[in-house]
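Subject: Structure for you to look at

Hi,

Here is the structure I promised to pass on. Please open it next to this note, and I will walk you through what turned up.

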Amino acid sequence: MKVAILGGTGPFGRSLATRLVAEDVEVVIGSRDPERARAVAAEIGCIGLRNEAALAGMDLAVLAVNADAATATAHAVRDWLRSPLLSVASELEFAGGTARPRADTRALAERISQIVDVPVVAGLHSLAAGKLAREKPDEDVLVCGNDREAKELALRLAALLVSGRAIDAGPLSVARALEGMTAVIVNVNRAYKAHAGIRLTGIG
Ligand SMILES: NC(=O)c1ccc[n+]([C@@H]2O[C@H](COP(=O)([O-])OP(=O)(O)OC[C@H]3O[C@@H](n4cnc5c(N)ncnc54)[C@H](OP(=O)(O)O)[C@@H]3O)[C@@H](O)[C@H]2O)c1
């Protein structure tokens with residue numbers, strides 16, 4: 001599998017790339033700045049390019065830019081996108097020491113799917129960059145989307161990242177719940193001084 005990670009210079013993209021390279025996945029780190037992409041990629045042992053160039057010949061692109069930049073980046077790269085796009089971003093707001101989902105009624109991933117001409121899937125929101133960098137986290141990972149092939153691809157990628165299961169969570173509209181779950185995890189981590197992940201029980 002060939003995977004481009006747009007905004008792969010951030011903590012999440014770096015951790016994802018590190019884990020995927022360890023699993024023999026061909027990874028290209030994307031950035032707005034090709035020099036930054038190359039420097040980060042050299043540390044990880046993969047290739048680094050400008051976001052647009054990173055998309056050539058890929059099986060899957062991961063949109064791992066800062067959540068506030070996700071829709072603008074989708075606009076910026078839409079003409080270069082040929083593969084399905086995996087959105088991992090959660091838009092959160094913080095008030096009174098707690099996190100909560102933003103009030104928008106549509107998931108960020110659904111809004112991104114209106115911008116690009118390729119299938120959009122969403123997932124990996126509950127995977128903390130810090131844990132992913134160190135080892136395969138002992139937790140499950142959830143992916144949703146409307147396009148069957150794109151979702152299967154994203155589930156294959158997700159299965160490489162955790163020692164738990166990669167779980168099909170349903171259609172893209174479910175992304176609103178997956179993105180919102182990040183607020184739950186952030187609040188649990190704060191309250192319990194923990195590094196929480198997700199485990200679904202009762203699946204055969
Ligand atoms: N951190 C986690 O544990 C975690 C877990 C699950 C999901 N996520 C999601 O993964 C994504 C990345 O998380 P992160 O913590 O790595 O984020 P981040 O460090 O804030 O941003 C990642 C990259 O986004 C790019 N970027 C920042 N501002 C931009 C802008 N205005 N326009 C275009 N690109 C911009 C930067 O890359 P360049 O400057 O090199 O272009 C930056 O290195 C987020 O959407 C987050 O919701 C994070």
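Predicted model: local features only at pLDDT ≥ 70, side-chain atom pairs only at ≥ 80, totals over all residues.

Two strands count as paired if DSSP finds at least two bridges between them.

The hairpin

Strand 6 (residues 92-95) and strand 7 (residues 98-101) are paired in the antiparallel sense, over four bridges. Within that pairing, Leu-92 has Pro-101 of strand 7 opposite. Two residues lie between the strands of this hairpin, and Gly-96 in the turn has a positive phi of about 55°.

The core

Which residues have the most contacts inside the largest nonpolar core? They are Ala-61, Val-62 and Leu-63, in a core of 59 residues. Helix 7 (residues 148-159) supplies the largest share of this core, with six residues. As general background, nonpolar side chains in soluble globular proteins tend to be buried together. If you click on Val-62, and set aside residues up to four places away in sequence, you will find that Val-62 touches Val-3, Ala-4, Ile-5, Leu-6, Leu-16, Leu-86 and Val-88.

Around the ligand

I expect this part will interest you. There are 25 residues around the ligand, and those that come nearest are Gly-7, Gly-10, Ser-31, Ala-69 and Ala-89. Two elements give two or more residues to this shell, namely helix 1 (11-22) and helix 4 (70-77). Helix 1 gives the most, with three residues. By type, the shell divides into 13 nonpolar, nine polar and three charged residues.

Helix 4, one face at a time

Asp-24 has a phi near 65°, a positive value in a residue other than glycine. Asp-24 sits in the loop between helix 1 and strand 2 (26-31). Leu-124 is not a glycine either, yet has a positive phi of about 70°. The loop that holds Leu-124 runs between strand 8 (120-123) and helix 6 (129-134).

Is each of these buried or exposed? Asp-24 counts as exposed because it has 9 C-beta neighbours inside 10 Å, and the limit for exposed is 12 or fewer. Leu-124 is buried because 25 other C-beta atoms lie within 10 Å, where 20 or more are needed.

One more residue

Lastly, Ala-169 is in strand 10 (residues 166-170). Ala-169 is partly exposed because 19 other C-beta atoms lie within 10 Å, a count in between those two limits. Leaving aside neighbours within four places in sequence, Ala-169 is in contact with Leu-142, Val-143, Cys-144, Val-174 and Leu-178.

Best wishes

Note on methods. Residues numbered from 1 in each chain as written. Core = buried A, V, L, I, M, F, W, Y, C linked by C-beta atoms within 7 Å. Contact = placed C-beta atoms within 7 Å. Near = placed C-beta within 6 Å. Nonpolar A, V, L, I, M, F, W, Y, C, P; charged D, E, K, R; others polar.
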